[in-house]
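Try each one yourself before reading its solution.

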Amino acid sequence: MTIQQKIQLIEEMMELEEGELKADTVLEEIDEYDSFFKLYLTTYVKKNMNKRLTVEEINNFTTIQNICDYLE
């Protein structure tokens, strides 16, 4: 999956319009970066990647790029 595909996936999870997010977008500046999104991301990772995303890992995310890197 390319970085752009990952960003589009994140936009879909956050119910944002395509192109609203960039790799360097700071998560704290996004209203949709909330507990619902974090739960959705955790479920997606578990179901599609067979990985377990921890609270500590989520708390260490600061930008969209951090999430994209995790989705490798």
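**Exercise 1: two ends of a pair**

K6 has a relative accessibility of 4%, so this lysine counts as buried. Keep in mind that you're looking at a predicted model.

Task: work out which residue forms a salt bridge with K6, and where the two partners sit in the chain.

Solution. Start with the general idea: side chains of opposite charge can pair when their charged atoms come close. Next, check the distance: the closest N and O atoms of K6 and E72 are 2.7 Å apart, and the cut-off for a salt bridge is 4 Å. That makes E72 the partner. Now place them: K6 belongs to helix α1, while E72 lies in the segment after α4 (64-70), so the pair links distant parts of the chain, 66 residues apart.

**Exercise 2: a lysine in a loop**

Task: find where K22 is placed, and decide whether K22 is buried, partly exposed or exposed.

Solution. First, locate K22: this residue is in the loop between α1 (3-13) and α2 (35-49). Then take its relative accessibility, 47%; buried means under 20% and exposed over 50%, so K22 counts as partly exposed.

**Exercise 3: what K22 reaches**

Task: which residues does K22 touch, leaving out those up to four places away in sequence?

Solution. Under that condition, K22 touches I7 and I64.

Notes. Residues are numbered from 1 along each chain as its sequence is written. This is a predicted model: local features need pLDDT of at least 70, side-chain atom pairs count only at pLDDT 80 or more; totals for chains, interfaces and linings use all residues. Side-chain values use heavy atoms; hydrogens and water are left out. Helices (H or I, at least four residues) and strands (E, at least two) are DSSP runs, numbered from the N terminus. Buried means under 20% relative accessible area, exposed over 50%, partly exposed in between (1.4 Å probe, protein chains only). Contact means heavy atoms within 4.5 Å. A salt bridge is a side-chain nitrogen of Lys or Arg within 4 Å of a carboxyl oxygen of Asp or Glu.
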